[in-house]
Amino acid sequence: MANRKVTKDVSDPMISAAVMAMFWGDKTQRVVEAHSTDHTKVTVNKGGYYIPLLIGDSFFLVDTATHVDSIADLDTGSIEAGKDYYIYACDNVGTLVFKTSLASTYPAGFDATTSRKIGGFHTLCADAGTIAGHTLTGYVNKDILPASIWDLKHRARCGNNAGMVYDTKCNLWVDIYLASGTGANTVSANGGTISDSRTWNDFVDDGGAVGKRLLNDMEFQLAATGGNEKTNIVGSADPVTTGGHVDTAARRMISNIGCEDMAGAMYQWLLDQSYRWDSDGTMAAASKTLTITHAASPGGNPVYLKFGPGTPYLCCNMANDEADKWVTFGSAITVMIRHDVDAATGGYQVYFDEDATQPSRLLCALPGGKNAHLETSDPNYPLKITHNAAPGTPGVAINYDDGADERLEFTSPTAANGTLDLASYSMSFAYQDVGGNKGYLYRQGPYGDVKLLAGGAWNNGTHCGSRVRSAANFRWLANTILGARFASEPM
């Protein structure tokens, strides 16, 4: 039978408690779902269930699948890109009709007693283009994002599904867009001015004000699936506003579920905790130093840094006995320099920098621009290799002389020996004001507290992607490249 109006008497078998429970009690049965082939339509009661629906003072029984057109069934105006639309079941003088509307209260031509909001959807803000293997390939602006479709039984706990899509992989509603606005005005909206220069604490408050939270490490990776990898936004500049961007390869920056700008636009704060241990030179150095000897003509061969399975290491082509060597800091802490006949291939040459303004250090032009930390015989004292794009400018190349001297050598600008100090790392605890006049964080070292950042910024190029993480930024940091994206659990 067709969808129809029925008596309001609960003794009527069509609206009995059993019938009500049969549908409304089963979370797997949806009210509104994506149309099987048409990107401009949704289907009400796709499964052909018996859905008793109260509109005002009248019950209607929805017992057949009905397609609702985002364009033909729109109450007024024309469909727009990047907007949230609501789906209404309406009592049109005893006949059940469905309408779509931008209005969040009731559609034009009806009121609160003749209509009932049963769901909604978000329209794509810009053509997805052709992307091999992507779920949205071929979708055009104003099409319905299938993952954005929500209904009375399938919706976000935050109470407002505007600008959100559902990720089945982690059972989570995720914001389509980077956050704009702050506090109670925080939204996920197309064309919004991206919120940046806010600390992790600020963004936590923003999300909480609208019933949402930041994503965690796993959730970000899953929600970003299908998005651009190892590219940033075209122009490599601050996007300023949300939505519809393309990357340097002219590919739309959109994930499989429809999340915009997951990678290569703004770094996004995650919930996850990490750790950072920085030098402040406060620890006693008496028993943790190594002399690097000045020599007008250093013996042996250059020292290189390589990356093996799991950890970086030092190596050198030992010209004499072709064996691994150990250097000792103080009386007990040792670091191995491996023998490698082809040390220069795939290796990064190591330089020694005698800097009067900070502890002397080892330098390398390292991949990714990240510092490296080498294991020593004492896990409390790793050997830090500092990244420098041109290490030979402030530093001097070092050799390992494996002849009679068995030592590290370099040609010192001051003709004096240098000292490398393992004890330049601080393990002391102190209080840090985290801002907002809301207390202090007790942390180790100058930072000692890190919140993960994900995705990569607008100028990070190949360092952008769904699995990109930065584990060096403390929660009280605010920067123009740092934004956020929020999520909500389902009802």
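## Cysteines

The sulfur of Cys 259 lies 9.3 Å from the closest cysteine sulfur, that of Cys 170, which is too far for a bond, a disulfide being a pair of cysteine sulfur atoms within 2.5 Å. Cys 259 is buried, at a relative accessible area of 1%, where buried means under 20% relative accessible area, exposed over 50% and partly exposed in between, with a 1.4 Å probe and protein chains only. Cys 316 is likewise in no disulfide, and its nearest cysteine sulfur, in Cys 315, is 7.6 Å away; Cys 316 is buried, with a relative accessible area of 0%. A search of the whole structure returns zero disulfides.

## Basis of the model

This is a predicted model, in which local features need pLDDT of at least 70 and side-chain atom pairs count only at pLDDT 80 or more, while totals for chains, interfaces and linings use all residues. Residues are numbered from 1 along each chain as its sequence is written, and side-chain values use heavy atoms, with hydrogens and water left out.

## Aromatic pairs

The structure holds nine aromatic pairs, a pair being two rings of Phe, Tyr or Trp (its six-membered ring) with centres within 6.5 Å, and planes under 30 degrees apart count as stacked, over 60 as edge-to-face and the rest as tilted. Among them, Phe 352 and Phe 410 are edge-to-face, at 5.1 Å centre to centre and 80 degrees between the planes. This pair links distant parts of the chain, since Phe 352 belongs to strand β21 (residues 351-353) and Phe 410 to strand β27 (residues 407-410), 58 residues apart; helices (H or I, at least four residues) and strands (E, at least two) are DSSP runs, numbered from the N terminus. Phe 352 is buried at 1% relative accessibility, and Phe 410 is buried with a relative accessible area of 0%.

The rings of Phe 474 and Trp 476 have centres 4.7 Å apart and planes at 35 degrees, so this pair is tilted. Phe 474 counts as buried at 13% relative accessibility, as does Trp 476 at 14%.

## Charges over rings

Phe 23 forms one aromatic cluster with Trp 24 and Tyr 49, and the charged end of Lys 153 sits over the ring of Phe 23, 3.8 Å from its centre. Such a placement requires NZ of Lys or CZ of Arg within 6 Å of the ring centre and within 35 degrees of the ring normal. The charged end of Lys 117 sits over the ring of Tyr 86, 4.8 Å from its centre.
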